[in-house]
Amino acid sequence: MTTNLATYSVVLTYSAMAVYVIAFIAFALDVAKRSGNVAAAADGVGAPQASTAERTVATVQGGTVVLEKVSQSSDGGSARRGGTRFERVGMAMTILALVLHVGSIVLRGIAADRVPWGNMFEFSLTGTGLIILIFLLVQLWQNLKFLGVFITGLTIILLGIATVNYWVPVVPLQPALQSYWLVIHVFVAIAGTGFFALGAGLAVSQLVQTYRQGRSTSSKLRFMETLPDADRLEVLTYRVILVGFVLWTFTLIAGAIWAERAWGRYWGWDTKEVWTFIIWVVYAGYIHARATRGWRGARSSWLALIGFAAVMFNFSVVNVFFKGLHSYSGL
């Protein structure tokens with residue numbers, strides 16, 4: 001029974017990957033469509049006609065109510081904010097893929113009779129699912145659908161690496177992992193990584209927008225005209241990473257508490273511990289530099305990307321090739 005559930009989990013994983021590929025293609029076509037629409041509008045071909053409506057606004061001036069007629073222009077911007085057909089297809093396919101993805105995580109957990117993040121394959125499976133979930137939930141706060149290409153592309157790559165290189169049969173947990181801290185510590189770390197991934201996508205968008213805005217006569221990257229400006233993207237990057245930093249801080253503290261319970265010391269300079277702290281330092285430096293030293297724009301975005309590169313190094317290199325007390329990859 002356990003073997004069958006684990007097999008079904010892998011089938012659902014491959015199915016989710018296939019749907020993520022469709023979503024990625026749809027988001028990529030959305031980018032192309034945006035570029036075409038902007039180019040057509042710039043040439044005056046197929047551009048929506050502006051319409052002007054008037055509304056009456058009441059204001060108080062010196063104790064007297066004054067009625068003024070204010071014109072309100074509409075140039076089709078609302079339609080653009082609504083997204084293209086390809087964007088809607090991409091979002092629908094992403095949701096469908098996430099349903100399959102969650103199914104694979106649940107089946108793996110049932111097969112293992114524990115939380116499904118006890119080794120590198122399970123961590124990758126759950127981590128990518130949480131990245132997608134965070135991407136979808138963030139849409140309730142801010143329209144960041146333009147990151148669909150980055151997020152789905154990253155998920156496809158990570159899932160591909162996990163299924164090819166990290167897959168292992170279901171096995172019992174090692175004694176040190178048999179603790180409720182596995183649920184708390186690792187889950188919060190995965191959530192923090194999800195916000196860091198979203199922040200990295202925004203940082204890349206900010207750098208591209210800065211490049212484009214610095215070349216006003218350039219006709220390249222026209223789709224960026226449909227995105228927020230560089231300053232707004234930089235602010236969004238900061239806010240998303242701030243959430244991830246809070247979660248990572250908790251991860252660092254919870255890890256020290258768990259280490260004391262498991263090994264009798266809070267800190268032992270294990271490779272995994274050191275890299276977790278390095279990631280925290282990089283993002284703390286990013287937040288400090290932006291808040292107190294005036295690091296805005298491209299400099300802060302590059303620092304955010306350095307932080308995410310450290311996260312990926314920790315995930316793909318430290319977890320696999322460095323031996324220590326945290327060698328739980330199962331490989």
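Analyst: Asp-113 is exposed, as its relative accessible area is 71%; exposed means over 50%, buried under 20% and partly exposed in between, with a 1.4 Å probe and protein chains only. This is a predicted model, in which local features need pLDDT of at least 70, side-chain atom pairs count only at pLDDT 80 or more, and totals for chains, interfaces and linings use all residues. Residues are numbered from 1 along each chain as its sequence is written, and side-chain values use heavy atoms, with hydrogens and water left out.

Asp-113 sits in the loop between helix 3 and helix 4 (helices are DSSP runs of H or I with at least four residues, strands are runs of E with at least two, and both are numbered from the N terminus). Although Asp-113 is not a glycine, its phi is positive, at about 60°. Most residues other than glycine have a negative phi.

Glu-122 in helix 4 and Arg-108 in helix 3 are 14 residues apart, and they form a salt bridge whose closest N and O atoms are 2.9 Å apart (a side-chain nitrogen of Lys or Arg within 4 Å of a carboxyl oxygen of Asp or Glu). Both Glu-122 and Arg-108 are buried.

Is Gln-139 buried or exposed? Its relative accessible area is 15%, so Gln-139 counts as buried. The side chain of Gln-139 reaches the backbone oxygen of Phe-135 at 2.8 Å and the backbone nitrogen of Lys-145 at 3.2 Å. Beyond its neighbours within four places in sequence, Gln-139 is in contact (heavy atoms within 4.5 Å) with Met-91, Leu-144 and Lys-145.

Trp-269, in the loop between helix 7 and helix 8, has a positive phi near 60° and is not a glycine. Its relative accessibility is 63%, and Trp-269 therefore counts as exposed. Trp-269 belongs to a nonpolar surface patch with Tyr-266, Trp-267, Phe-277 and Val-281, which together have about 560 Å² of accessible area. Val-281 is in helix 8, residues 271-292, and is partly exposed because its relative accessibility is 40%.

Arg-290 in helix 8 and Glu-234 in helix 7 are 56 residues apart; their closest N and O atoms are 2.7 Å apart in a salt bridge, and both residues are buried. Glu-273 and Arg-265 form a salt bridge at 3.0 Å, N to O, and they too are buried. The structure holds four salt bridges.

Apart from its neighbours within four places in sequence, Phe-308 is in contact with Leu-154, Thr-193, Phe-196, Ala-197, Ala-200 and Tyr-283.

Notes:
Patches are made of residues with over 30% relative accessible area and no salt bridge: like charges are joined within 9 Å, nonpolar side chains (Val, Leu, Ile, Met, Phe, Trp, Tyr) within 5 Å. Accessible areas come from the Shrake-Rupley method with a 1.4 Å probe; for residues, only the protein chains shown count as cover. A polar contact is a pair of N or O atoms within 3.5 Å; within protein, one must be able to donate a hydrogen and the other to accept it, and residues adjacent in sequence count only if both atoms are side-chain atoms.
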